[in-house]
Structure formats: structure tokens, C-alpha cells
Amino acid sequence: MARDPSPIPPEELTTTPPWQALTAHHRAIGSAHLRDLFAADPERAQRLSVEADGLLVDLSKNRVTHDTLTLLTGLARQRGLAEHIEAMFRGDRINVTEDRPVLHTALRLPRDRRLIVEGSDVVADVHRVLERAYGFARDVRRGNWLGHTDRPLSTVVNIGIGGSDLGPAMAYDALAAVRGEGLDCHFVSNIDGADIASVLARVDPETTLFVVSSKTFTTLETLTNAHTARAWLVERAGSERAVARQFVAVSTNADEVVRFGIDPANMFGFWDWVGGRYSMDSAIGLSLMIAIGPERFTELLAGFHAMDEHFRTAPFERNLPVLLGLLGIWYTNFFGAETHAVLPYAHELGRFPAYLQQLDMESNGKSVTAAGLPVAHATGPVVWGTPGTNGQHAYFQLLHQGTRLVPADFIGFARSNFPGGDHHDLLMANFFAQTEALAFGQDAPAGQPYRSFAGNRPTTTLLAERLTPFVLGQLVALYEHKVFTQGSIWGLNSFDQWGVELGKVLAGRIAPELRAAGDPALGHDGSTNRLIGWYRRHRSDTA
Ligand code: F6P
């Protein structure tokens, strides 16, 4: 019997009894101060901490009581979250607007598992591609894959954007400690020519590998950059033959890869059931695989898988992605928080917040439910952040004394990958100090109201022993499933991204207008017509 692909209850969320109970509960405890909540329960920190596979998450500095979590987990149950999780892992077509399964969790299933989806074993498919990609990565790393002058390759340029860039670029930085010497990666994404130009100026045409990463292989930015890189290489090599040696593709679209001129033998595939922003652990991670090697990439996948298992099996009360997702709903929908900060106290995680921006905002930045109805509640927050301690000397003022509630995740590690001097203890002293100050604040000395710290600013602390590939996999999967939890409860399809389409269509219409000869009639609004006119008059100077 065909299953309902979307087990989200159809009734409007805000009219459900659990939502109304949460509204009443918020009225009752919403202004309770963390000072009082801690004073009332000496065991609070222990009670509200969860550890999963070495990742400790302390939720106690959030503005919740035991009853809050009971009500929130009740809401998750009423919304069918458990069934929705099963539907995703099983391969039901839960991406209803694109009529696809959502199976990034299959990308990290161990080789000895089987998952039959619509008649075929996706685990076997995943490991077949993984083995090919690993083989290629090994060849490049060992100097066995040669450029057009028979020199080994020493530089990788990944050309992609969005999910075909942010994940590998983030992980490349995050895993700097395990990358080893001798191979550099650059990540080119922007259609602004400054991006590719700055990279091409620094790389050697004899020893550079271009990895063109694009799920669709139709993305304007990626294809424009890839054509520029290809022309640059052919010009310097004096022959098209260099492309066969020094261009590979990662895509689901073999036809377009061939049309671009890349031999399908040099293409690594994946499947339409992997969303772009959920794809860093597919062949989209090829540049990363080359940089860190197959063994470390396997550890990364194991971290993802450990969090998948936790998400699938832990009771909601001890389930990290579920709890983080529910806390986000508590702040977004009941406190009116508009943003969520992610503050890694690890310099290597500098690109993690940008990665999460796409993951969260492209997934849950929606105002129509999966059933096509307008939502009557706020959905995904603005996600932002930078590594500590830099932010402390920039915008933390607002976090401590501003008028807005900004829930924040603080991510830290017991050991540094770059030990030396006092750096790490001083970094972590700041890490602990910030969440303490935000939660508990400090009264102002008499006559100095500007020195008042009201406190009661909620944070979640995530601690692991060290930033390893395994831990990075856990963290990414944690946030993937947090986003899924929220999308399920809000009734969204977290796996499409129709909101990016209109801008693409309009840009396609405007591009020829910018270059047309004469004085073309422009059919936009008054502002856009005038701006395009101004650009046309000035562009010859800048061309
Ligand atoms: O425009 C948004 C988007 O479709 C993202 O969802 C995706 O990650 C990105 O563009 C890149 O797409 P592709 O991998 O197909 O080039």
C-alpha cells in the first residue's frame, strides 16, 4: 500500500492543544530568570545535559523548565515527528514539491547495511561511487594522477556554489589539522570575476586540478567560472587535451557534464535524493576527500552516522537534534526571537556558521506549508555567527545589553588541534565566561545603570574533546536533523528551495538587456529600469 509521503498533520499548528498549552506555559514562566531556575534546582545542569558519542550538550542555560520540555516533546509527538523521521530514513518521497525521497542519511550508512528504496539498494550505489572517488583521491594524493605535462597535481580548485561549495569549503578549513602537507585547495563560488581571477593568479596550470561541482550542472555561477577556468587552462596548455587530465566533474547530470566537455569517465555521480545543502558527504566532498584522504573522510561519515542513529533511536527527551529543534521553536514562536547565533570557539570552524546559514535558511525560510497552506506562525530564524573570541570584540555588546533576545549555541573543545602557549585555556576561559555572563548577568553599581547586565540570555553549550573528522560529522548531522525537526513541526517541506527561482529568472532576462546595442525598451518597474539605464551608460568605462 502506498504510504502518505507527508505524515505532517494537516491542522493548523497554532490551533493544536500542545501549541495552546505552550502559549499558556510561556505566559506563566516566560519571564522566569535563569538565576532563579538554577537556585531552585541544584541538579539543573546535570538534568539538562545530554551526552551522545562524546558530544556533551548542556541545555541548562536555556529559559526552560522540566514542564517546558515535556510540553515541547509532546508537541513533537502530536506533530508526528517520530513517523516523519522514519519516513525520511526509509526513503519515502517526503520532498513533495519535487516528488523525491530525502536520503542524505543513506550517504553515511556503513557498507554492510542495505536500504532498498524503490527496488534498488542505495547503500550499494553509495559505496560504489565512494570507492571510485576514494580511488581517484588516492591517485591524486600519491602523485599518480598527472597533469598535461606529466607533473603530479598539487592544487585543487573546487568550482561550485551553495551546497556544492559551502560544505567542502567549511570542512576543508575545519579539518586543517588532518590535511597534511603538499596539497592546497581553493574554493571558487562567486560569479564576480574577482573570485576566479584571484585564484587563477595563484595557481600553476601544469599542476592544478579543477573539480567542477554542481548537482544540476546548469548553475550560472558555476558554469561561468568553469568556462573561464577551462579557457585559462587551454590557453596556457596550448591544447584541449589538458582538460581531460585536469578537469573532473561531480554532478547528477551526465548529459550536461558531457556537453561541457568533461569525459564521463572523469565524472563522479550522486542522486536526486541528495539535496544540495545536504550533499557534502556525497561525491560533492571530492575536493575534501583529496585534501584529507579517504581514511579521514570515512571517519567523517562515521560521525554523521553516529548522529543519525542517535536521532533515530534516542527518546525525544534525550535526543539532541530534537531538543535543539524544539528550543529553537520555543524561542522563535513564543519569545519572538528572530535570529539564532552559532558561535564556534575554534578558529577552524570559521565557515561553519555560513554553512549553517544555507542549511537552515534555505530549508526552513518558508511561509507555505508542505500542504500548500500559508503558515500562521514564524518559521526559520536568521542564522549567523563568527568564531570566538573575535565576536566578543565586535557585536557581543548587543548580546549582553541589547534589547533583542538572541539565543546562541557556543561550540568548544577540550583540546586544541593547534596547541601551544596558553592560547587554548585562554580561549576556553572566554568561552565559559560568556555563557555565564549571558545567563546570570550582574547588577549595576549604584548610579551606573550602563553597567547593568540583566542576564537571562539563553545559550546552549556544545563541548567535544577535540575537533576531529568524526566530531565534525556529528555536528553537521546534529544541525541537519535539528532543521528537519523544526521543519516537521512547522509543517514545511525543508527540502525544496523555490524561493531562489524568481531572482534567477529575472537575472536571465536582465543579462541580455545590459549588453544589448542601442536603446532597448526595458519592461521592469521604474526603479529597476532607471538603475539598468544608469549601469548601461557607465558600464563601458568599467568593462
Ligand atoms: O540556487 C540555490 C541552489 O539550488 C542550492 O540549493 C544549491 O546548493 C546551489 O544552488 C547549487 O546548485 P548546483 O549544485 O546544482 O550547482
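Student: Let's start with Leu286. What is Leu286 in contact with, leaving aside its neighbours within four places in sequence?

Tutor: Keep in mind that this is a predicted model. Leaving out those sequence neighbours, Leu286 is in contact with Ala133, Phe136, Val211, Val248, Val250 and Phe268.

Student: And how many residues are in the largest nonpolar core?

Tutor: That core has 115 residues. Leu286 is among the residues with the most contacts inside it, along with Leu349, Phe352, Leu472 and Leu475.

Student: Which helix gives the most to this core?

Tutor: Helix 18, spanning residues 469-490, with eleven residues. Apart from this core lies another one of 24 residues, including Ile196, Leu200, Leu223 and Phe247. As a general point, nonpolar side chains in soluble globular proteins tend to be buried together.

Student: Switching to the ligand: which residues are the closest to it?

Tutor: Ser164, Ser214, Lys215, Thr216 and Thr219 are the closest of the 14 residues that surround the ligand.

Student: What are the distances for Thr216 and Lys215?

Tutor: In the side chain of Thr216, an N or O atom is 2.6 Å from an oxygen atom of the ligand.

Student: How much of the ligand's accessible area does the protein cover?

Tutor: It covers 87% of the 390 Å² that the ligand has on its own.

Student: OK, charges next. How many salt bridges does the count come to?

Tutor: The count comes to 29. One of them pairs Arg93 with Glu118, at 2.7 Å from N to O.

Student: Are those two buried or exposed?

Tutor: Arg93 is partly exposed, with a relative accessible area of 31%, while Glu118 is exposed at 55%.

Student: What about Asp308, which residue does it form a salt bridge with?

Tutor: Arg108, with the closest N and O atoms 2.8 Å apart. The two are 200 residues apart, Asp308 in helix 13 and Arg108 in the loop between helix 5 and strand 3. Both Asp308 and Arg108 are buried.

Student: And where do Asp496 and Lys366 sit?

Tutor: Asp496 is in the loop between helix 18 and helix 19, and Lys366 is in the loop between helix 15 and strand 11. Their side chains meet in a salt bridge at 2.8 Å, N to O, and both residues are buried.

Terms used:
Residues are numbered from 1 along each chain as its sequence is written. This is a predicted model: local features need pLDDT of at least 70, side-chain atom pairs count only at pLDDT 80 or more; totals for chains, interfaces and linings use all residues. Side-chain values use heavy atoms; hydrogens and water are left out. A nonpolar core is a set of buried Ala, Val, Leu, Ile, Met, Phe, Trp, Tyr and Cys residues joined through side-chain atoms within 4.5 Å. Buried means under 20% relative accessible area, exposed over 50%, partly exposed in between (1.4 Å probe, protein chains only). Helices (H or I, at least four residues) and strands (E, at least two) are DSSP runs, numbered from the N terminus. Contact means heavy atoms within 4.5 Å. A residue is near a molecule or strand if one of its heavy atoms lies within 4 Å of it. A polar contact is a pair of N or O atoms within 3.5 Å; within protein, one must be able to donate a hydrogen and the other to accept it, and residues adjacent in sequence count only if both atoms are side-chain atoms. Accessible areas come from the Shrake-Rupley method with a 1.4 Å probe; for residues, only the protein chains shown count as cover. A salt bridge is a side-chain nitrogen of Lys or Arg within 4 Å of a carboxyl oxygen of Asp or Glu.
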